[in-house]
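Me: I have a structure open and want to go through it piece by piece. Can you take some quick questions?

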Amino acid sequence: MSEPSNVRIVFLGGLGEIGRNCMAIEHDSQVLLIDCGLMFPDADMHGIDLVLPDFTWLRQNADRIVGCVATHGHEDHVGALQYLLRELSFPVYGSAVTLGLARNRIEEAGLMGKTELIVVRDGERRMIGPFDVEFIPVTHSVPHAHAIALHTPQGVILHTGDFKLDLTPVDGRRTDLGRIGALASTEGIRLLLADSTNAEEHGHAPSETSVGKVLRQIFHEQDGRRIITASFASHLHRIQQIADAAVATGRVVATLGLSMKKNVRMGRDLGVVTIPDASLVDIDDIDKYPPGKVCIISTGSQGEPMSALSLLARGESRFVKIGEHDTVILSSHAIPGNEGNVNRVIDGLLRSGCEVIHSGVADVHATGHAQADELKTYLSITRPQFYVPIHGEYRHMVANAKLGELMGVPHDHVHVCEDGDVIELSADGVSKVGRVPAGYLYVDGIVGDVGQGVLRDRKVLAEEGVVVVVVTVDIESGKVLTGPEIITRGWVYAPEAEDLLDEACDTVAAAVEKALAAGVRDVDALERDVRRTAGKFVHDRTKRRPMIVPVVMEA
Ligand SMILES: [Zn+2]
Ligand SMILES: [Zn+2]
């Protein structure tokens, strides 16, 4: 009898950052993707809209991809599908809510023809190519999320998905620890891949329903005032709890922001969100109701500059003018990198005279990710042979690895991996067998990807400015005809630095004349001279290193 074939896992994103989660499972010459998400850029990625996983390896293996399993509908798990589907074509599997959220963007991109969205039920087990895939319910900050159990010739690989152990979730649909325990005690868990986001946080994440209690209390206290809430548009259970608090205090509910409107409609269609018809009104009609009878549910909880809440805070909203009769509840937590934007929105709201309640002053938010005690519980139930932390910055994965060891996984069976690592599961266990490209793929507008070089230039331009030096020479006679002329932005403010600029021109002119006198006639060589001379002058005199753009023209 032949040995059972090995299974490989290619980590393409999410191991080393929060976002762009993507991995490929390779078995029997076929490839199954788990998630394909995007990441929001850091403040120093100037002009970048999004960051995607590196698709190089997927492109090279395009004809072997049998599908993508989406664990849940967050952007960091499904948001890159609309980019990958431009180049490749494959079906996507997930819950109705997961696919409903993924569908919006794929549809907008006009790519529905490149995929088939296949809805799976909780607990469903099905073959996708040679992959035997089971979808296990988990609680998270979006409804109907799944863990994925892959039944492979090398045993069960369990991917936790994004999860928490919420014992009192809004819809009563708990993480199915019973099934996970049954898998552990029958087949056994060969390899566990676990969400590391909150591995550094002690204790147990609060239940989502605890937020509902706080919201109801606040709604009572704000009697007579208009309430505006902001949260993730995909957090349908949070939206449900806000709507419940509103309806219980005699308010009508209106959504603000396109994605909120779309998602609430989808949630109601799927039976995940329940708001009585009589309580849901159009945002255009809210002024027909007294402030104390209105609740507006808005997008923009991350302070995104063009979002509904930001427009509101700047007094630019077409639909709502805010003032001293309003209370704004930010039922959310700023994702790292967004704090500045969120603070600006809070300042804007306060300046307009309204009251602001956020997670820093009241328990109006609960995380969707398991904290240390939940991970320990999960580990004690699954008792995995091998443990690989995923989904987190490096520090989060290291903290999660320590939890694995604490719960009895032997040190040499715990592997901290990174984007680009390829691991193999064989009869001998887990080993790292290679690397694939896994750099950041930057998306800028609709144009597509932007390289590292462009980003480096933008960093210099943003931090140091630019100096353009233009000089016209007569190559035959070896004379400077016009210039040098210096144009600058962001180095010195030209009208206030005439002397400095004159001196710079003289210095460059001297260098060019010297080069011409020495017989240099090559324009590229002259430009190099100009760049060197101008760069040295700028640095000597101002200690700055702006981008120097030399332009030497032949008459
Ligand atoms: Zn998530
Ligand atoms: Zn996630």
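**Domains, cores and backbone**

Reply: The protein chain is divided into domain 1 (7-203 + 367-444), domain 2 (208-357) and domain 3 (451-554). Keep in mind that this is a predicted model.

Me: How far apart are the C-alpha centres of domain 1 and domain 2?

Reply: Those centres lie 31 Å apart. The contact takes 19 residues from domain 1 and 15 residues from domain 2.

Me: What is on the side of domain 1 that touches domain 2, by residue class?

Reply: On that side, 10 residues are nonpolar, 6 are polar and 3 are charged.

Me: OK, cores. Which residues touch the most other members in the largest nonpolar core?

Reply: M23, I25, V69, L81 and I296 do, in a core of 134 residues. Domain 1 (7-203 + 367-444) and domain 2 (208-357) each supply at least three residues to this core.

Me: New topic, the backbone. Which residues does a cis peptide bond join?

Reply: G483 and P484 are joined by a cis peptide bond, with omega at about 0°. P484 sits in strand β24 (residues 479-489).

Me: Then what is phi of D35?

Reply: Phi of D35 is near 65°, which is positive, and D35 is not a glycine. D35 belongs to strand β3 (residues 30-36).

Me: Is D35 buried or exposed, and why?

Reply: D35 counts as buried because it has 31 C-beta neighbours inside 10 Å. The cut-off for buried is 20 or more.

Me: What about phi of R383?

Reply: R383 is not a glycine either, and its phi is positive at about 40°.

Me: Where is R383 found?

Reply: R383 is in the loop between α11 (372-382) and β18 (386-390).

Me: Why does R383 count as partly exposed?

Reply: R383 has 15 C-beta neighbours inside 10 Å, so it counts as partly exposed. That class lies between the exposed limit of 12 or fewer and the buried limit of 20 or more.

Terms used: Residues are numbered from 1 along each chain as its sequence is written. Chains are lettered from A and ligands numbered from 1 in the order in which they are written. This is a predicted model: local features need pLDDT of at least 70, side-chain atom pairs count only at pLDDT 80 or more; totals for chains, interfaces and linings use all residues. A nonpolar core is a set of buried Ala, Val, Leu, Ile, Met, Phe, Trp, Tyr and Cys residues joined through C-beta atoms within 7 Å. Domain bounds come from an automatic or database domain assignment. Two residues are in contact if their C-beta atoms, placed from the backbone, lie within 7 Å. Ala, Val, Leu, Ile, Met, Phe, Trp, Tyr, Cys and Pro count as nonpolar, Asp, Glu, Lys and Arg as charged, and the others, Gly among them, as polar. Helices (H or I, at least four residues) and strands (E, at least two) are DSSP runs, numbered from the N terminus.
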